[in-house]
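I opened this notebook page to record what I looked up in the structure. My entries follow in the order in which I made them.

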Amino acid sequence: MASSPKPVLYTYFRSSCSWRVRIALAFKGVAYDQVAVNLIKSGGQQHVDSFKTINPMKQVPALAIDGIILSQSLAIIQYLDETRPGPRLLPEDAKKRAQVRMISDHITSGIQPLQVTMADLCLVPQVYNAERFKVDLAQFPTIVKINNALLDLNAFRISHPSCQPDTPPEP
């Protein structure tokens, strides 16, 4: 039986949405190729016609997998959870699954460290951006504690923006 080609993630190193997907791919142990889409260079590479054929919404992430192209990080994460073995990112129980989806939606549109869920995949990139823009997180000690615990996990470390092939060197 022929194996499927490696998935291709269209990503930007600092994109919170792309980071969520990189974490999910790491947790699931899915090997993939990356195509960097620089959102700043030359007015944004997401606006070029060649990328518009990948994702007409001109956004990252986009994941080419199993003969389809998916966009929107939560949809990608749910697809990976439903089609790939490895740690579950959504609970089996329908009520708990709905709660994780609700928390994920709250985080992405704007916590359970014992089992990494889709909500955690959303939390860490948001905290990273808050810190990047110098938001004082002192009033959110629980979020900081969960974030720090998650950053100790390998999937979060290897998917971190600073570890991506398109990360520019520090000035």
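Entry 1: I worked from a predicted model.

**Entry 2: length of α4.** Helix α4 covers residues 94-108, and at 1.5 Å a residue its 15 residues should span 21 Å. I found its end C-alpha atoms 21 Å apart, which agrees.

Entry 3: Which residues of α4 are buried? I noted Val100, Ser104 and Ile107. They cover an arc of only 65° around the axis, which puts them on the same side of α4. I recalled that an α-helix has 3.6 residues a turn, so residues three or four places apart point the same way. On the face turned away from the buried side of α4, I recorded the exposed residues Lys95 and His106.

**Entry 4: neighbours of α4.** I asked what the buried residues of α4 pack against. Their partners are α3 (73-83) and α5 (118-132).

**Entry 5: the nonpolar cores.** I turned to the largest nonpolar core, which has 34 residues. Those with the most contacts inside this core are Ile23, Phe27, Ile77, Leu80, Leu121 and Phe156. At least two residues of the core come from each of α1 (16-28), β3 (62-65), α3, α4, α5, α6 (141-151) and α7 (154-158). I noted that α5 gives the most to this core, with nine residues. A second, separate core has nine residues, among them Tyr10, Phe13, Phe51 and Ile54.

**Entry 6: contacts of Phe156.** I listed what Phe156 touches, leaving aside residues up to four places away in sequence. The contacts are Trp19, Ile23, Phe27, Val116, Asp120, Leu121, Val124, Leu150 and Leu151.

**Entry 7: the whole chain.** I closed with the protein chain as a whole. How many helices and strands does it have? I recorded seven helices and four strands, and along the sequence they follow the pattern β-α-β-α-β-β-α-α-α-α-α. The radius of gyration is 16 Å, close to the 16 Å that the globule rule gives for 171 residues, so the protein chain is as compact as a globular protein of that length. Along its principal axes the C-alpha trace spans about 45 × 45 × 25 Å. I also noted that 41% of the 171 residues count as buried.

How values were computed: Residues numbered from 1 in each chain as written. Predicted model: local features only at pLDDT ≥ 70, side-chain atom pairs only at ≥ 80, totals over all residues. Heavy atoms only, no water. Expected span 1.5 Å × (residues − 1). Buried < 20%, exposed > 50% of the residue type's maximum accessible area, 1.4 Å probe, protein only. Arc of directions from axis to C-beta. Contact = heavy atoms within 4.5 Å. Core = buried A, V, L, I, M, F, W, Y, C linked by side-chain atoms within 4.5 Å. Rg over C-alpha atoms; globule rule 2.2 N^0.38 Å.
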